[in-house]
Amino acid sequence: MVEFYIGTAHIDMARSQITTEIGTSSLEPKVMQVLLILAQNQGRVVNHETILRTVWPNTVTSANAIQRCVGQLRKVLNDTARSQQVIATYPKIGYSLIPKVRLHSPNQNEPSRYNSSTTLIQRLSPVFGWRLIISVFLSCVIMTLSLRHVSIQADVTVKSLTPLTATDNIEQKPSFSPDGQYIVFQRFLGNCKNQLWARRISTSEEHLLTREAGNYGVPRWSPDGERIVFTSKAQCNSTPNSAIVKAEHPTQKNKLQACNEIRGISFHLAKVSPQPSTLYHHCELNTHNQPVWLTNSTIAFITRQAQNSFIQQLDIVKNNTQLLHKVDNKTISALDYSRPQNKLAWIEYKKYMPLTLSIYDPKTLDLDKVELGEHHNFSYINHIRWLFDSPLLLISKNNQLISINLSGEVNAYLQPTTDKILYPAIHPSKNQLVASMGNFDRDIGLTKWYAHSPQALSESTTFSRSNVDEFNAKQQPNGKLVAFISSRSGSEQVWLHNQSSQKDSQLSNFTDAITPVDILWNKSESALFILANKKLYLLSLSGKLSSINTPYPLLGIYQDRGNSQLLVKQLKDATPSLALLNLNTQKFHSLYFEDTDKALLTRNDDLFTLEGKSIFKVINKERHSVSMLDGIEAQGLFTYKEQLYIISSTNTLWQYHPRLEQLTLLAKFDRDIDSISGISVPEKTVYFSEFVSIKKELMLLDLE
């Protein structure tokens, strides 16, 4: 069985993918093998021993491995351990697949000679089976030949994790030495000050390489292992009085922040004692990023200047540069070079446009470009690596490792960890990666303000605490529920906090291919609108999920106006605009043709937008400044009845009455609050996210 259907879900064993009406998910091969053996025995109980013997032959594995696979399958197939509508559990015995398995899509007519209860295996004739086996074998041969000289398998499923560091510092952006004996990495001393260290993997011996602390970029080894190159920022904005410095010297401050120069050190000298870095290339008020060695004396790197980006080549012996490629009106966000392929790869980014993968041959000057489709669920890539010596590239997202081939096809591999995998680097000879792993920890809470006393605030209360990232808390307008987004179950999902029982519960069950980015209570407070992957969903309080078709992708969901009217930001022809979406007809009524960060209609139908850090009033699709609000650097916008409520960049809450043109200071909140996402005016309460900690340590990843 290479392809089959379980209900409406399309199972593609060759690509290790499951496609449902929610989207396409790539799973580990062993997870798919567990599904296959259940499909081959549809309706029958398959015991643990049979699954372990089939999927993990000659390997000592516990039934917990099966449980993990079944958990992932249920998640993708919109099943749960409680409902068991797709996969049934027989405790201490095994599992059974409940729905019928079909060769054809449920939308297609079944051939009349087949009884509807006939299983897929019964339908396969011996001749068809042998043809299928031969076809699959030939496909594998062709695929192997197309990969030319792939010396190490392209499967990036992690089988074991080995911690390399365990300090209180943030450690990230590692790279292997050419002989694979050392890794070089950043170890942070504060918000943006770091030093470069090297660690011998076999002995765990560490060497401080840089004499001075700085704001250093990703370190990369020269092919002979003699030198390490990196960027160094001329100014770092980490001091408490940085706002004062910026106010006093705004032009100078901005120029220094944008100035990244290229520097290097001798590894063998620095291994003996920390060394001062050597300047390879001045920044000249440009931003240089991600230098990578082409030879022992030449480096390719990214230069950003105004709206354009360049790939340049630097000869550190001759001290000259050469332009390799220029990209207009786009940002080059990631770069890497493969010596076996003799190709540079980089990612081109422009807001609201699909990412572009570019492959460049420095000898022939050939340049190939391919778009990475929107459905791949990443809007920005800042780190890529060639995957061993294959024509594949590796990126990471959350707890997934993702490979991209030169045609732009993507395969995602979910890993058995809840930690985010960051900046993966490839071992030069072993089937290993090194990466920075950890989590960004934000908790959500609330605080109250008091009328006529802006300085009198209640003590902030953190009501949902975990060790992962939680954000975007929105209170049910007239109820006791607070919806928020959390990754505490391994991927970002919508959760509910009950303020009466003080209990949290997971509401959504999105696949790993779908990431919710915003939530909005509907007018009746019986469900939540969810924005994920530029698509709109409705999630009931019972957990039922339904998709809402829209003519164009969505970038923001701002307000339920009632009468099936939703205020949204749409993306049409790569241009964002503000519109009312009729949920019954799925038609848009355009209101404004500029990009917005937030937009709201008051009860009097006055339209206000937040753009950058300024608030405007829109009349007849034209924006107008509001003089009374010009002095407020806004970062949040809310409405209640006919009034606006504005959160400034200093976490100050203002009330503005448009008709009376009256501005009132309501409260000044703690500056440590990361972001205020919701407000309840009747209860004088704001909901916020607050930074707790960030953990990033180096981990060695052994691949299957």
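I began with the largest nonpolar core, which holds 32 residues; Ile11, Ile18, Val34, Ile51 and Trp56 touch the most other members. At least two residues come from each of β1 (3–6), β2 (9–12), α1, α2 (48–55), α3 (63–76) and β7 (94–97). Helix α1 gives the most, eight residues. I note that this is a predicted model.

**Helix α1**

I looked up the helix itself. Helix α1 covers residues 29–40, twelve in number. Its first and last C-alpha atoms are 16 Å apart, close to the 16 Å expected at 1.5 Å a residue. I then listed its buried residues: Val31, Met32, Val34, Leu35, Leu36, Ile37, Leu38 and Ala39.

**Isoleucine 11 and a second core**

Which residues does isoleucine 11 contact, leaving aside neighbours within four places in sequence? I found Val2, Glu3, Phe4, Ile6, Gln17, Ile18, Met32 and Leu35. Elsewhere I found a second, separate core of 18 residues. Leu357, Ile359, Val370 and Ile381 are among them. In general, nonpolar side chains tend to be buried together in soluble globular proteins.

**A nonpolar surface patch**

I turned to the surface. Val45, Tyr90 and Ile93 form a nonpolar patch there, with about 250 Å² of accessible area together. I placed isoleucine 93 in the loop between β6 (87–90) and β7. Isoleucine 93 counts as partly exposed because its relative accessibility is 45%.

**Positive phi**

I checked backbone angles next. Most residues other than glycine have a negative phi. Lysine 173 has a positive one, near 55°. I located lysine 173 in strand β10 (residues 171–176). Is lysine 173 buried or exposed? Its relative accessibility is 18%, so lysine 173 counts as buried; the cut-off is under 20%.

Glutamine 586 also has a positive phi, near 55°. I found glutamine 586 in the loop between β44 (575–582) and β45 (587–592). With a relative accessible area of 29%, glutamine 586 is partly exposed.

**Salt bridges**

How many salt bridges does a search of the whole structure find? I got 26.

Arginine 488 pairs with glutamate 470, with the closest N and O atoms 2.4 Å apart. The two lie 18 residues apart, in distant parts of the chain. Arginine 488 is in the loop between β35 (481–486) and β36 (493–498), and glutamate 470 is in strand β34 (residues 470–475). I read 26% relative accessible area for arginine 488, which is partly exposed. Glutamate 470 is buried, at 0%.

Lysine 569 and aspartate 595 meet at 3.0 Å, N to O. I put lysine 569 in strand β43 (residues 565–572) and aspartate 595 in the loop between β45 and β46 (598–601). This pair links distant parts of the chain, 26 residues apart. Lysine 569 is buried, with a relative accessible area of 7%. Aspartate 595 is partly exposed, at 27%.

Arginine 659 bridges to aspartate 606, the closest N and O atoms being 3.2 Å apart. Arginine 659 sits in the loop between β52 (652–657) and β53 (662–668), and aspartate 606 in the loop between β46 and β47 (607–611), so the bridge ties together parts 53 residues apart in sequence. Arginine 659 counts as exposed because its relative accessibility is 52%. Aspartate 606 is buried, with a relative accessible area of 9%.

My last entry is a network. Glu171, Arg187, Arg199 and Glu206 are joined by salt bridges that share partners.

Definitions and conventions. Residues are numbered from 1 along each chain as its sequence is written. This is a predicted model: local features need pLDDT of at least 70, side-chain atom pairs count only at pLDDT 80 or more; totals for chains, interfaces and linings use all residues. Side-chain values use heavy atoms; hydrogens and water are left out. Helices (H or I, at least four residues) and strands (E, at least two) are DSSP runs, numbered from the N terminus. The expected span of a helix is 1.5 Å times one less than its number of residues. Buried means under 20% relative accessible area, exposed over 50%, partly exposed in between (1.4 Å probe, protein chains only). A nonpolar core is a set of buried Ala, Val, Leu, Ile, Met, Phe, Trp, Tyr and Cys residues joined through side-chain atoms within 4.5 Å. Contact means heavy atoms within 4.5 Å. Patches are made of residues with over 30% relative accessible area and no salt bridge: like charges are joined within 9 Å, nonpolar side chains (Val, Leu, Ile, Met, Phe, Trp, Tyr) within 5 Å. Accessible areas come from the Shrake-Rupley method with a 1.4 Å probe; for residues, only the protein chains shown count as cover. A salt bridge is a side-chain nitrogen of Lys or Arg within 4 Å of a carboxyl oxygen of Asp or Glu.
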